[in-house]
Amino acid sequence: MVIRREWWNRHKFNFKEGIIHEDMELMSALILYTDKLTSINKPLYFYCDTPESVLHQAKFNPHIFDIFPALKGLYQRFTQAGAEQKYHDELEWFFIWNLLIDSAKDFKRFPEGRPGFAQSRQMLKKYYPNWRKNRFLKQKPLKLQIMVRLNYYRRGK
């Protein structure tokens with residue numbers, strides 16, 4: 001993705017330092033600021049995912065909890081742009097996916113990560129208390145729907 005610095009600065013885009021998921025908040029908010037997105041079939045960026053990456057660590061890293069400020073920041077961007085209702089279902093699904101599917105893998109992998117389940121419940125109660133009715137979740141296979149609900153109720157021990 002190529003973005004002009006002038007545009008980037010005008011919309012107050014900056015990566016939060018010292019956290020992971022810092023790109024998720026910004027890249028997911030691009031839709032708020034432009035209707036001119038295009039794709040090309042030529043790779044311009046080579047992403048290298050290494051085993052030493054913070055996303056693939058063998059021992060606990062407290063940065064797994066950075067998902068919470070990243071999602072909060074994303075929600076704030078949509079609210080400030082007056083677009084939370086327009087993209088309600090999509091944003092709600094994004095929260096469900098990131099909290100109860102993707103991050104849940106890290107939360108259950110390490111005992112120190114288990115408090116992430118309670119934080120996920122709190123965040124969903126605050127932002128999307130009716131998340132179970134999400135139209136995208138309803139379209140998913142029953143197995144995934146059950147896993148999501150189990151992760152919601154999972155206790156941190």
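## The nonpolar core

A nonpolar core is a set of buried Ala, Val, Leu, Ile, Met, Phe, Trp, Tyr and Cys residues joined through side-chain atoms within 4.5 Å. In this predicted model, the largest such core has 39 residues, and those with the most contacts inside it are Phe 95, Leu 99, Leu 100, Leu 124, Tyr 128, Trp 131 and Val 148. Two or more residues come from each of the helices α1 (5-10), α2, α3 (67-80), α4 (88-109), α5, α6 and α7, and α4 gives the most, with 9 residues.

Leaving aside its neighbours within four places in sequence, Trp 131 is in contact with Glu 92, Ile 96, Leu 100, Leu 124, Leu 137, Val 148, Arg 149 and Tyr 152.

## Helix α5 and its partners

Helix α5 (residues 115-127) and helix α7 (residues 142-153) have axes that come within 7 Å and cross at roughly 105°, and the two helices are therefore roughly perpendicular to each other. On the α5 side the contact involves Phe 117, Arg 121, Leu 124 and Lys 125, which meet Asn 151, Tyr 152 and Tyr 153 in α7. Sorted by class, this contact has 4 nonpolar, 1 polar and 2 charged residues.

With α3 the arrangement is as follows: α3 and α5 pack at an angle of about 10°, their axes being 11 Å apart, and this angle makes α3 roughly parallel to α5. Phe 68, Leu 71, Lys 72 and Tyr 75 of α3 make the contact with Gly 116, Gln 119, Ser 120, Met 123 and Tyr 127 of α5. By class, the contact of α3 with α5 has 5 nonpolar, 3 polar and 1 charged residues.

## Helix α2

Within α2, which covers residues 22-29, the buried residues are Met 24, Glu 25, Leu 26 and Ala 29.

## Confidence in the model

The protein averages a pLDDT of 86, and 90% of the residues score at least 70. Among its elements, helix α6 (residues 135-138) has the highest mean pLDDT, at 97, whereas helix α2 has the lowest, at 76. Where pLDDT is low, the predicted coordinates should not be read in detail.

Technical notes:
Residues are numbered from 1 along each chain as its sequence is written. This is a predicted model: local features need pLDDT of at least 70, side-chain atom pairs count only at pLDDT 80 or more; totals for chains, interfaces and linings use all residues. Side-chain values use heavy atoms; hydrogens and water are left out. pLDDT is the predictor's confidence in each residue, from 0 to 100. Helices (H or I, at least four residues) and strands (E, at least two) are DSSP runs, numbered from the N terminus. Axes are lines fitted to C-alpha atoms, for helices over the stretch in contact, and angles run from 0 to 180 degrees between N-to-C directions. Angles under 35 degrees count as roughly parallel, over 145 as roughly antiparallel, 65 to 115 as roughly perpendicular and the rest as oblique. Contact means heavy atoms within 4.5 Å. Ala, Val, Leu, Ile, Met, Phe, Trp, Tyr, Cys and Pro count as nonpolar, Asp, Glu, Lys and Arg as charged, and the others, Gly among them, as polar. Buried means under 20% relative accessible area, exposed over 50%, partly exposed in between (1.4 Å probe, protein chains only).
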